[in-house]
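User: I would like to go through this entry by question and answer. Please begin with the terms.

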Amino acid sequence: MNVLLVSMPDSFEHMPPVAIRMPNGALTSLAGNVDPHHRVAVADLILCHNSVRQTIIRLIQELNPEIIGLSVMTFQRRTAGRIIELARELKPSLKIVVGGYDPSLAPEAYEEMCVDYIVRGEGEITFRELLRALEGQVDFGNICGLSYRVGEQWVHTPVRPPHRLEDGEIRLPNRSARLLRGYTLLGRQVDVVETSRGCTYDCSFCSIIEMRGRNFHTYSFDRVLADIRDARDHGARTIFLVDDNITLNVRRFEALCHAIIEAGLHQLDYFVQAMTSAIADHGSTLAPLMRRAGFRYVFLGIENVLEGDLTFLRAAAKNKEHKNGKQAGNATLRAIEYLHRNKMYVVGGLIVGNPDDTVESIETNLEFARRYVDWPYIQHPTPYPRTPMTNDFRQRGLINIERVEEYDGTTAVVRTEHMPAEEVEYVRWKAERWMKVRHLPAVFRHDPWFVIRHVPQMMAHTFRGSTLRSLLGLEDSRTVFRRYKAMRHRERSYV
Ligand code: B12
Ligand code: SF4
């Protein structure tokens with residue numbers, strides 16, 4: 001069968017397409033795991049975010065797929081709906097499948113769209129079996145993790161348990177299936193690689209637990225190294241390790257760093273997401289090793305620097321330092337110190353605008369980011385489907401905006417007990433732009449040509465909404481903010 005898999009073009013404030021265009025790892029993993037007689041093509045629509053409609057039309061005409069699969073996050077739901085309508089119009093007989101976090105956690109939203117199948121949870125085996133069912137080899141009802149229509153009714157088969165990755169059932173991704181070019185992270189071709197899936201924590205804002213329960217499964221190092229080599233052979237110079245929480249098993253992470261070095265793959269740049277507690281507790285050995293293995297940016301899930309907020313976010317435990325087996329205060333500063341001492345940059349993940357936040361508590365976090373992090377990644381709590389935090393916000397009547405296309409993390413859609421949502425966003429937005437500028441010299445040292453060629457576009461993105469008048473101080477920042485919001489509103493219409 002001819003299969004076309006697409007990821008959505010929607011990006012958010014911290015991912016300006018001029019500097020960051022990342023592949024979707026789910027689609028190549030699905031492509032690598034269907035039966036070999038199928039022809040699968042993958043299109044990451046972030047690579048054509050200015051011409052989505054034309055690209056979809058062209059791909060459907062050229063490839064004539066029998067099945068189209070869409071990978072969707074919640075803030076991309078509206079775009080997905082429009083692409084589904086367009087695809088249906090272009091080819092009414094097309095079978096349309098949706099998967100990813102949003103269809104898995106809010107399948108009811110897709111039942112009202114023109115889709116034929118919803119794949120819930122991990123997709124490789126479900127999708128492989130779905131294609132077999134469409135060829136008449138197996139019964140739809142026997143495929144776990146699938147929702148499908150029978151007449152007017154939707155049937156939901158039982159949940160598929162998370163894969164034990166250790167057994168080698170999931171094959172390597174198929175990167176050759178990609179049709180579009182232009183992936184980049186600050187000027188270097190980027191690719192995504194997984195070494196594990198899952199997490200055993202239960203932060204209240206995170207979708208992972210509802211998606212797959214609390215568990216942690218790992219791929220073998222042979223497979224991980226083969227995957228990195230494959231990404232490199234397809235042109236990548238930067239690898240983003242997309243594991244949910246690679247630092248759950250620090251000994252394994254250290255061994256992975258050794259394996260990368262021994263395999264000679266440490267010439268690539270690596271980005272990774274990490275817990276502060278793991279880095280603080282093991283930094284004296286782990287951080288130098290990470291540096292030797294090529295790690296350059298570490299996204300730290302700091303979440304908040306105030307204990308009250310950490311408790312609300314259920315993120316206190318993962319941010320605690322330990323001494324002699326006992327908890328010994330917040331781990332964040334020590335983690336940052338280890339990373340900086342070993343010449344790595346800290347992407348500081350913070351969440352501000354929690355129910356009890358005031359201007360002062362938000363300012364405390366912003367001041368922390370100004371002083372200690374290299375690249376701020378500050379978000380607002382966002383009520384994604386079925387997270388415990390969504391419940392809390394709903395019960396307290398604090399959700400202001402139900403339009404999910406605005407659930408991109410940097411649009412404040414909830415208010416606090418003390419501040420309107422828009423004020424929360426304004427305070428964060430105003431401070432964060434300047435923090436980003438400070439990191440430009442470091443980017444310049446690593447990739448001077450990229451910066452020279454793209455600095456005007458990067459600055460224009462960071463300071464969107466500004467005019468000559470605002471630069472001269474003749475217009476206040478609230479006017480600029482309103483203009484920025486209007487631009488953001490317009491650009492969300494990708495199709
Ligand atoms: C890595 C990652 C990123 C990276 C890289 C993204 C990329 N292009 O790959 C970065 C840091 C850039 C990022 C950014 C964002 N992310 Co993110 N990210 C993740 C993370 C950690 C892992 C995702 C991943 O690649 N997993 C590996 C792949 C193989 O698994 P998978 O995507 O789940 O796909 C499987 C199934 O879902 C299914 N499937 C997926 N698509 C499809 C399609 C079909 C047709 C089928 C059949 C099956 C299927 O099968 C796949 C294979 O089993 C998750 C989860 C987490 N713990 O936080 C969050 C997560 C996906 N991100 C999330 C969000 C919200 C964002 C942001 C909007 C804001 C933010 N929090 O940073 C931005 C938006 C980015 C943008 N487009 O502008 C949310 C999504 C919540 C939701 N309900 O939509 C998650 C779940 C985190 C959370 N807050 O809970 N993210
Ligand atoms: S530690 Fe990270 S992956 Fe795990 S539940 Fe918390 S936010 Fe999600």
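Analyst: Buried means under 20% relative accessible area, exposed over 50%, and partly exposed in between, with a 1.4 Å probe and protein chains only. This is a predicted model, in which local features need pLDDT of at least 70 and side-chain atom pairs count only at pLDDT 80 or more, while totals for chains, interfaces and linings use all residues. Residues are numbered from 1 along each chain as its sequence is written, chains are lettered from A and ligands numbered from 1 in the order in which they are written, and side-chain values use heavy atoms, with hydrogens and water left out.

User: Is Asp 116 buried or exposed, and what is its relative accessible area?

Analyst: Asp 116 sits in the loop between helix 5 (107–111) and strand 6 (117–119); helices (H or I, at least four residues) and strands (E, at least two) are DSSP runs numbered from the N terminus. Because buried means under 20%, Asp 116 counts as buried. Its relative accessible area is 16%.

User: Which side chain makes a polar contact with the side chain of Asp 116?

Analyst: A polar contact is a pair of N or O atoms within 3.5 Å; within protein, one must be able to donate a hydrogen and the other to accept it, and residues adjacent in sequence count only if both atoms are side-chain atoms. A polar side-chain atom of Asp 116 lies 2.8 Å from the backbone nitrogen of Ile 96. The side-chain partner, at 2.9 Å, is Arg 88.

User: Where does Gly 145 lie, and what is its relative accessible area?

Analyst: Gly 145 is in the loop between helix 6 and strand 7 (146–150). Leaving aside neighbours within four places in sequence, Gly 145 has contacts (heavy atoms within 4.5 Å) that include Ile 118, Thr 126 and Pro 158. Gly 145 is buried, and its relative accessible area is 0%.

User: In strand 3, which residue is the bridge partner of Leu 5?

Analyst: Strand 1 (residues 2–7) pairs with strand 3 in the parallel sense over six bridges. The bridge partner of Leu 5 in strand 3 is Val 42.

User: Which are the edge strands of the open sheet of six strands?

Analyst: This sheet has the order 10-13-14-15-18-19, with parallel pairing. Each edge strand pairs on one side only, and the two are strand 10 and strand 19.

User: Which residue of strand 13 is the bridge partner of Val 192?

Analyst: Strand 10 (residues 190–193) and strand 13 (residues 238–241) run parallel and are joined by four bridges. Both faces of strand 10 are covered, with Val 190 and Val 192 buried on one side and Asp 191 and Val 193 buried on the other. The partner of Val 192 is Phe 240.

User: Which strand gives the most to the shell around ligand 1?

Analyst: The shell has 37 residues, where a residue is near a molecule or strand if one of its heavy atoms lies within 4 Å of it. Among the elements that supply at least two residues each are helix 1 (25–31), helix 6 (124–134) and strand 19 (375–379). With three residues, the one that gives the most is strand 4.

User: How far does a polar side-chain atom of Asp 244 lie from a nitrogen atom of ligand 1?

Analyst: Polar backbone atoms also approach nitrogen of ligand 1: one of Asp 10 at 3.2 Å and one of Pro 23 at 3.1 Å. For the polar side-chain atom of Asp 244, the distance is 2.9 Å.

User: How do the residues of the shell around ligand 2 divide?

Analyst: The residues around ligand 2 include Cys 199, Cys 203, Cys 206 and Asp 244. Ala, Val, Leu, Ile, Met, Phe, Trp, Tyr, Cys and Pro count as nonpolar, Asp, Glu, Lys and Arg as charged, and the others, Gly among them, as polar. The shell divides into six nonpolar, one polar and two charged.

How values were computed: Pairing = 2+ DSSP bridges.
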